[in-house]
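Here are a few exercises to work through with the model open in your viewer. Try each task before you read its solution.

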Amino acid sequence: MANEIKNENVKNGVIFPVGEDNPYGQYFTGKSFLDTLVADPDLDASVGNVTFEPGTRNNWHVHYGYQILLVTGGEGWYQEEGKPARHLVPGDVVVTKKNIKHWHGATKDSWFAHIAITSGKSEFLEPVSDAEYDQLGE
């Protein structure tokens with residue numbers, strides 16, 4: 001069935017709760033949720049469980065520290081500028097070094113969740129266009 005949504009169990013939380021509507025939602029195409037797990041001002045890192053509805057992705061962005069993504073549920077995409085997109089499934093780990101322009105999000109037909117460990121400030125840029133996103137194979 002072409003329109004079947006996969007991994008709907010992810011919307012209920014996989015390891016950690018889904019959380020609330022993402023307060024950074026203006027930097028996403030689609031709907032996402034955030035459960036902040038660590039937000040200690042004495043640390044230069046935060047940890048959050050981010051859950052994406054099918055088809056949701058964040059804007060292109062950079063981190064002025066680093067980011068580590070630990071995929072916990074569903075299927076998603078990760079892409080660095082100028083490189084092919086990488087299909088993500090539970091158990092995948094993505095390390096993004098500082099100042100690398102990238103984006104990540106759900107596939108068109110699946111819920112997606114990851115733990116994001118982020119150091120330093122982040123800067124969100126332009127949205128991933130529908131043309132860029134639509135060219136990705138499922």
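Buried means under 20% relative accessible area, exposed means over 50%, and partly exposed is in between (1.4 Å probe, protein chains only). The model is a predicted one: local features need pLDDT of at least 70 and side-chain atom pairs count only at pLDDT 80 or more, while totals for chains, interfaces and linings use all residues. Residues are numbered from 1 along each chain as its sequence is written, and side-chain values use heavy atoms, with hydrogens and water left out.

**Exercise 1.** Which residues make up the largest nonpolar core?

Solution. The largest set has 12 residues: F28, L34, V50, F52, L69, V71, Y78, L88, V94, A106, F112 and A116. As background, nonpolar side chains in soluble globular proteins tend to be buried together.

**Exercise 2.** How many aromatic pairs does the structure hold, and what is the geometry of F28 with F52?

Solution. Rings of Phe, Tyr and Trp (its six-membered ring) pair if their centres lie within 6.5 Å; planes under 30 degrees apart are stacked, over 60 edge-to-face, and the rest tilted. That gives five pairs. F28 and F52 are tilted, at 5.8 Å between centres and 45 degrees between planes. F28 is in β2 (28–29) and F52 in β4, so this pair ties together parts 24 residues apart in sequence. Both F28 and F52 are buried. For F33 and W111, the centres are 6.5 Å apart and the planes at 20 degrees, so that pair is stacked. It links distant parts of the chain, with F33 in β3 (32–38) and W111 in the loop between β11 (102–106) and β12, 78 residues apart. To finish, group the rings: F28, F52 and F112 form one aromatic cluster.

**Exercise 3.** Which residue forms a salt bridge with K31?

Solution. Use the rule: a side-chain nitrogen of Lys or Arg within 4 Å of a carboxyl oxygen of Asp or Glu. The count comes to nine salt bridges. For K31 the partner is D21, with the closest N and O atoms 2.7 Å apart. K31 is in the loop between β2 and β3 and D21 in strand β1, so the pair ties together parts 10 residues apart in sequence.

**Exercise 4.** Which salt bridges does K101 form with E81 and E126?

Solution. Take E81 first: K101 meets its side chain at 3.5 Å, N to O. For K101 and E126, the closest N and O atoms are 2.7 Å apart. K101 lies in the loop between β10 and β11, and E126 in the loop between β13 (122–124) and α1 (130–134), 25 residues away.

Terms used
A nonpolar core is a set of buried Ala, Val, Leu, Ile, Met, Phe, Trp, Tyr and Cys residues joined through side-chain atoms within 4.5 Å. Helices (H or I, at least four residues) and strands (E, at least two) are DSSP runs, numbered from the N terminus.
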